[in-house]
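Here are my notes from going through this one. Have the viewer open while you read.

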Amino acid sequence: MKILFLTPYPQGEAPSQRFRFEQYLPALRARGIEYSERAFLDLPTWRVLYKPGHAKTKMWGIVKGFFRRLATLPEVPGYDYVFIHREASPIGPPVFEWIIAKLLGKKIIYDFDDAIWMALTSKHNQMAAIVKWHSKVADVCRWSYKVSCGNDFLCEYARQYNSRVVLNPTTIDTVNLHNRTKDQKTDRVILGWTGTHSNMVYLASLMPVLRRLEEKYDFTFRVISNQDPQLDLKSFDYLPWRKTTEIDDLATFNVGVMPLEEQVSPLSLGKCGFKALQYMSLGIPAVASPVGVNTKIVTDGVDGFLCKDEEEWYQALARLIEDAELRIRLGANAQQTVRARYSVVSNTENFVRLFSVDTEPARVVTVPATA
């Protein structure tokens, strides 16, 4: 078997690619499955993509990306499956997907982990909103052999257009990467958040809570991201995200937070809870909004807390700041949750089965809840 992976970003760089499928590549290799990965963007373009300015570099990077996609098309007939993560090209209609499915007759495995049919463009890339073709998601779902989605909400969307939909949760490599346990008995408590700049909007709802906590407790609120949010907090500390130190940096957290919108929207329902999973895999309790998949990942009071309003956020964080034994207990339970339900080990066979011929429409594969 041979699989061609078409990705938006260079290999090993984007979290969505790394944790959706790249960490399963050794499992494919171990089964004798050959694969190739072809990125749309090159590394220089990726490095400035979410930075202000650099318009010429971005535009030239997009042009080069289309030439790379055209150069890849003659390779396609030599593969059994074409796995497309999010989109074959970041702008315009789904021309490449149509050629692959309709003209070349190849089986597409279409994978996404966000509500990518919704418009969400950063202020630094507003021009892209004009040329994005969000409606193409439905078309690619129709043309695909199978659709791989990161949570039940995304699966429900995809099933409007395709009966072969598989729940393929975003998972954590608990063997080779997230493979340590946080020491919770530290002199100073660090509350933390990690994510890209586009998700920083969700931190706004936490500002009143953190300011209230600052009045009573001495702690640090640390943000790990590709941009400094420059929060107006006495407790604020910023660490630039670095791939080489991401686990060491995350392991400085005693508690991880994942706030989402108070008013539930498709964008928040489309989130796959990756922040919470990262925290929990390291024995760090997650405190999250009870939105979408968060309610399946976090069991309130068992491996973290689910908080729907300011008072609940304050009480949960205050308890965790005060009580190291509570952090240890919830953190241990959190690690068990991830290893049992959201790890590479637990999901490998589910992922590999994407590349199999089904005799009947695939049913949505659900992740069983644990007590």
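1. Strand β5 (residues 146–149) pairs with β6 in the parallel sense, over three bridges. Strands here are DSSP E runs of at least two residues and helices are H or I runs of at least four, numbered from the N terminus; two strands pair if DSSP finds at least two bridges between them.

2. Before you go on: this is a predicted model, where local features need pLDDT of at least 70 and side-chain atom pairs count only at pLDDT 80 or more, while totals for chains, interfaces and linings use all residues. Residues are numbered from 1 along each chain as its sequence is written, and side-chain values use heavy atoms, with hydrogens and water left out.

3. Zooming out, the open sheet has six strands in the order β2-β1-β3-β4-β5-β6, with parallel pairing. At its edges stand β2 and β6 (165–167), each with a single partner strand, so one side of each has no neighbour in the sheet. On average, neighbouring strands of this sheet are turned by 20° against each other, direction ignored.

4. α5 packs on it, touching β1, β3 (81–85) and β4 (107–112), and its direction makes about 145° with that of β4. Helix α7 (residues 136–143) touches β4 and β5, at about 140° to the direction of β4. Contact means heavy atoms within 4.5 Å; axes are lines fitted to C-alpha atoms (for helices over the stretch in contact), and angles run from 0 to 180 degrees between N-to-C directions.

5. Now α4. Which of its residues are buried? They are Lys58, Gly61, Ile62, Gly65, Arg69 and Thr72; buried means under 20% relative accessible area, exposed over 50%, partly exposed in between (1.4 Å probe, protein chains only). These cover an arc of only 100° around the axis, which puts them on the same side of α4; the arc is that of the directions from the helix axis to the C-beta atoms. Their cover includes β1 (2–7), β2 (34–39), α3 (43–48) and α5 (95–103). On the face turned away from the buried side, α4 carries exposed Lys56, Trp60, Phe67 and Ala71.

6. There is another open sheet of six strands, ordered β9-β8-β7-β10-β11-β12 and parallel in its pairing. Here β9 (236–240) and β12 (304–306) stand at the edges, each with a single partner strand.
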